[in-house]
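This briefing covers a strand pairing, the sheet around that pairing, a helix, and a pocket. Please look at the sequence and the structure before reading the points below.

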Amino acid sequence: VDPEVTPGSLESVLDLPGLGPRQPVATNARLALDDASVSWVISASEVRVFAVELVDGRPEGPLHPLTIARAGALIYPSTPEDSSFGLCLVGVVPGTQARPIARSDLHRLARQEPIVVQALERFAGRMASAVAGVDDDADDPGSGPRLSMAVGDEVTLAPGDSAVARHPGVW
């Protein structure tokens, strides 16, 4: 049990003890999520989470959009070691920031803080939805599903629905 935290007392993952310093997440550069011992908390604005092809072990290949994560979201990268893909973040607007947290601290906190388990479940659900082609934006209550589209796809959007490009490019 963490002496800094009364079990069940935290209201947001932004309040987690053990968060590292704020780091900028640029709009024109990738923050590679290549350290399996670190998770991230989005602390300001929002990021796009991408799968990225690894070139000689570095995340330099094409980006494949997965989801958006807003301030207060937990990012828990967990790609297999032998994968040809990794994950990276790109800021949506200038001023976007994220804070690292050691995976071991996160695991310990998850045993006493329901907010950590809820954030992990939200992230896992959003990633699974992205792979299925529908991203239910749990961090934006009131909006409808976010449909993943590619050029030539025919879709019907209901009020409140939105669409995201499945592949990077200019429309």
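Strand β4, residues 46-55, pairs with β5 in the antiparallel sense, over nine bridges. One of the residues involved is Leu-54, whose bridge partner in β5 is Pro-59. The model described here is predicted.

**The sheet**
- β4 and β5 belong to an open sheet of four strands, in the order β2-β7-β4-β5.
- The pairing in this sheet is antiparallel.
- Which strands are at the edges? They are β2, residues 31-32, and β5, and each of them pairs on one side only.

**The helix across the sheet**
- Helix α2 is made up of residues 114-132 and lies across β4, β5 and β7.
- The helix runs at about 115° to β5.

**The largest pocket**
- The largest pocket holds about 290 Å³ of space.
- Its lining is formed by 19 residues, and the closest to the pocket centre are Leu-33, Asp-34, Asp-35, Thr-79 and Pro-80.
- By type, the lining divides into nine nonpolar, five polar and five charged residues.

**Where the sheet and the pocket meet**
- Two strands, β5 (58-70) and β7 (85-91), each supply at least two residues of the pocket lining.
- Which element gives the largest share of that lining? The largest share comes from β7, with three residues.

Note on methods
Residues numbered from 1 in each chain as written. Predicted model: local features only at pLDDT ≥ 70, side-chain atom pairs only at ≥ 80, totals over all residues. Heavy atoms only, no water. 1 Å grid on protein atoms, 1.4 Å probe; cavity = no way out; pocket = protein on both sides within 12 Å on 5 of 7 lines; lining within 4 Å. Points joined across faces, edges and corners; volume = space filled by probe spheres on them. Nonpolar A, V, L, I, M, F, W, Y, C, P; charged D, E, K, R; others polar. Pairing = 2+ DSSP bridges. Contact = heavy atoms within 4.5 Å. Axes fitted to C-alpha atoms, helices over the stretch in contact; angles between N-to-C directions.
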